[in-house]
Every structure is written in C-alpha cells, then in structure tokens.
Amino acid sequence: QVQLVESGGGLVQAGGSLRLSCTASRSIVSISVMGWYRQAPGKQRGLVARLTRGGSTNYADSVRGRFTISRDNAENTVYLQMNSLKPEDTAHYYCNDVPATYFWGQGTQVTVSS
C-alpha cells in the first residue's frame, strides 16, 4: 500500500499560480499512471490530470493549457503546476493512481478568489 501526502495548496487571486506536490511513501516508478483529482463542495471528485510512466499526459478540458502534471521518480513525487487560476478551480485536490486504488490522502485545499 502507498501513502500519499499532498501539499502546496492555499489562497490565491484569480490569474495566480500554485504548485501542488504529492509525495508517496514508496517508489512510484512502478506505478503506470498517476493523477491529480479535485473535489469541489457539493460535487463528486474528478480527475483533472494524468501522467503515464512513459510521460504521456491528459487533462480535463477545464484545465488544459493551464495545468501541467509532472513527476520526479527519484523524489517519489508528483506535481501539479497550476497557472491562470480561476475561481472555478477552487476545490480540494488529491493525487492517486489512475484509476484510484490507493487510500486517499488528506488532500490540499486550493481557493481562488475573484
């Protein structure tokens, strides 16, 4: 089992940037696909970005062109660079593999003010 710890969230004005980090308790080299998910109040958790072991990425339409997912296998860490943030990006952000099989971490809150 892998434990996941997310960090890097915060309060930012619209148009600003944040970089989220997700550190795993063990090597992520063998994990085929890692992803970032988010859950806004009253909504279901959904996948916003995914990254394969080979480096292929996919993004939800709502974040494509603004968010970038990356991974540092040596640091057992997955990142989500978020630029041009919008109020609708406000949510709790989590990482997990895709599809999600590990226990969810505590996530990190991102709040974008208008």
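In soluble globular proteins, nonpolar side chains tend to be buried together.

The model is predicted, so local features need pLDDT of at least 70 and side-chain atom pairs count only at pLDDT 80 or more, while totals for chains, interfaces and linings use all residues. Residues are numbered from 1 along each chain as its sequence is written, and side-chain values use heavy atoms, with hydrogens and water left out.

Turning to the chain as a whole, its secondary structure consists of zero helices and ten strands; helices (H or I, at least four residues) and strands (E, at least two) are DSSP runs, numbered from the N terminus. The radius of gyration, taken over C-alpha atoms, is 13 Å, which agrees with the value near 13 Å for a compact globule of 114 residues; the globule rule is 2.2 Å times the number of residues to the power 0.38. Along the principal axes, the C-alpha atoms fill a box of roughly 40 × 25 × 25 Å. Of the 114 residues, 42% are buried, where buried means under 20% relative accessible area, exposed over 50%, and partly exposed in between (1.4 Å probe, protein chains only). Among contacts with a separation of 6 or more, 54% join residues 24 or more positions apart, a contact being heavy atoms within 4.5 Å.

Two residues show how such contacts are arranged. Leaving aside neighbours within four places in sequence, Leu4 is in contact with Cys22, Thr23, Ala24, Met34, Cys95, Asn96, Tyr102, Phe103, Gly105 and Gln106. Tyr94 is found in strand E9 and counts as buried because its relative accessibility is 11%. Not counting residues up to four places away in sequence, Tyr94 touches Glu6, Gly35, Trp36, Tyr37, Gln39, Arg45, Trp104, Gly105, Gln106 and Gly107.

In the loop between E9 and E10 lies Pro99, and the peptide bond from Val98 to Pro99 is cis, with omega near -5°. Asn76, in the loop between E7 and E8, has phi near 55°, a positive value in a residue other than glycine. Beyond residues up to four places away in sequence, Asn76 touches Cys22, Thr23, Ala24, Arg26, Ser27 and Ile28. The C-alpha atoms of Asn76 and Pro99 are separated by 18 Å. Ser84 is located in the loop between E8 and E9; although not a glycine, Ser84 has a positive phi of about 50°. With 42% relative accessibility, Ser84 counts as partly exposed.
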